[in-house]
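Me: I would like to go through this structure feature by feature. Please give the general idea where there is one, then the case at hand.

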Amino acid sequence: MTDPDNDPMARLLAIMVRLRDRERGCAWDVEQNFGTIAPHTIEEAYEVADAIQRGDMADLKDELGDLLFQVVFHSRMAEEAGHFSFPDVSKAISDKMIQRHPHVFGDASIATAAAQTEAWEAIKARERDAKAQIAGRAAASALDGVIAGLPALIRALKLQKRAARVRFDWPNADAVKDKIREELAEIEAEMAAGGVHERLEDEVGDLVFACVNLARHLGIDPESALRRTNHKFETRFRRIEALATAQGRALDGMTLAEMDALWDIAKAEERGGSEDAESHRK
C-alpha cells in the first residue's frame, strides 16, 4: 500500500478522505455535492489561465494545485456514491491518451503537427460516432461534444470550427467582414424601429457571433483577444482615476470630454509618448 507520507498524490487523496469524513471531517466539505463544487472547478480553471497570462510561475503552481484538488474532490464524491474513484479517472485519461497517440505508443507514423491534429480529430470523431450509436442514433452530429456549459464566446468558436470541418464556413475573412457589416446594419435598423429588447439581443448576438468568425479566420483566439482588451481597459481606467485624483477631482464630477482627455494621456503613457501626454496636460 502506498505510504501517504512519501507520496504527494496519496497524501492529497488521504486529505480529501479526511475532509469528507462525516464524523471527523469538515462540515462544509461534507455538505458539498457535484453541483455545488462545479462553479469552484470552473473558477479554478480560470485562475490557472490568469496565472499563465501574467507569467507568474509561483502562482501557477498554486493554482494548478487548486485545480487538481477539484478533480480529487469530484472523484471522492463519486467514489462515495459508488460510481468511480480517482484511480479510475487516472486510468481513463491514460487509456485515452494512448489511444489518441498511436504514433507515440503504437506503430502509426505521423510526421507533422498538422497531420497529428488531423489524426486526433479523426479519432475523436470515431469516439463521437461510438457514443451516438450507444445513444441509439445512426451517426454523430458534427457538433456533438460541444457542451452547452462552456462560456458563450468559447462555445461559439468551437461550434464554428466543427461546422468548418464539413465545409460549412465562410470562404475568407473578407466575406466575414461583409457579414459583420450586415449584422451591424440590422442592429441599426432595429434600433431605428424602436425594437424590443429580445429582438435587439438576437441581433447583437448575431454580431458577436460574426466577430468570432472573423477572429477565427484571422487566426486569433477571440477569448484571448477579449481578455487582453479587458486588461487594457482596466489598466487605462485605473490610470485615469489616478490622474483625476492627482488633480483633486473624482471621475463622477468630470465631463466626458475631461475624462476622454485623461484617457488619451493614459494611452500616450502606454506608448511611452511623454510628449503626447504632456500636450494633453496643457
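Me: Which are the buried residues of α11?

Reply: This is a predicted model. In α11, the buried residues are P222, E223, R236, I240, L243 and A244. They pack against α3 (34-54), α8, α10 (197-217) and α12.

Me: How many residues does α11 have, and what span does it reach from its first C-alpha to its last?

Reply: α11 has 25 residues and reaches 36 Å, close to the 36 Å expected at 1.5 Å a residue. Just after α11, G248 takes a positive phi of about 75°.

Me: Which residue has a positive phi although it is not a glycine?

Reply: Most residues other than glycine have a negative phi. Here R167 has a positive phi of about 70° and is not a glycine. R167 sits in the loop between α8 (152-165) and α9 (173-192).

Me: Is R167 buried or exposed?

Reply: R167 is exposed, because its relative accessible area is 74%, over the 50% cut-off.

Me: How many aromatic pairs does the structure hold, and how is such a pair read?

Reply: A pair of aromatic rings is described by the distance of the centres and the angle of the planes. The structure holds three aromatic pairs. One of them is F69 with F73, an edge-to-face pair at 5.9 Å centre to centre and 75° between the planes.

Me: Where do F69 and F73 lie, and what separates them along the helix?

Reply: An α-helix has 3.6 residues a turn, so residues three or four places apart point the same way. F69 and F73 are in helix α4 (residues 57-80), and because they are four residues apart, about one helical turn separates them. F73 counts as buried because its relative accessibility is 1%.

Me: Which parts does the pair of F233 and W263 tie together?

Reply: F233 and W263 form a tilted pair, 5.6 Å centre to centre with 45° between the planes. F233 lies in helix α11 (residues 222-246) and W263 in helix α12 (residues 256-270), so the pair ties together parts 30 residues apart in sequence. F233 counts as partly exposed, at 47% relative accessibility. Ring pairs also link F233, F237 and W263 into a cluster.

Me: Which residues form a nonpolar patch on the surface?

Reply: I98, V104 and F105 form it, with about 300 Å² of accessible area together. Of these, I98 is in helix α5 (residues 86-100) and counts as partly exposed at 43% relative accessibility.

Me: Where is S85 found, and is it buried or exposed?

Reply: S85 is in the loop between α4 and α5. S85 counts as buried because its relative accessibility is 12%, under the 20% cut-off. Leaving aside neighbours within four places in sequence, S85 is in contact with S75 and E79.

Me: What separation do the C-alpha atoms of S85 and Q32 have?

Reply: Those C-alpha atoms are separated by 17 Å, while S85 and Q32 are 53 residues apart along the chain.

Technical notes. Residues are numbered from 1 along each chain as its sequence is written. This is a predicted model: local features need pLDDT of at least 70, side-chain atom pairs count only at pLDDT 80 or more; totals for chains, interfaces and linings use all residues. Side-chain values use heavy atoms; hydrogens and water are left out. Rings of Phe, Tyr and Trp (its six-membered ring) pair if their centres lie within 6.5 Å; planes under 30 degrees apart count as stacked, over 60 as edge-to-face and the rest as tilted. Helices (H or I, at least four residues) and strands (E, at least two) are DSSP runs, numbered from the N terminus. Buried means under 20% relative accessible area, exposed over 50%, partly exposed in between (1.4 Å probe, protein chains only). Patches are made of residues with over 30% relative accessible area and no salt bridge: like charges are joined within 9 Å, nonpolar side chains (Val, Leu, Ile, Met, Phe, Trp, Tyr) within 5 Å. Accessible areas come from the Shrake-Rupley method with a 1.4 Å probe; for residues, only the protein chains shown count as cover. A salt bridge is a side-chain nitrogen of Lys or Arg within 4 Å of a carboxyl oxygen of Asp or Glu. The expected span of a helix is 1.5 Å times one less than its number of residues. Contact means heavy atoms within 4.5 Å.
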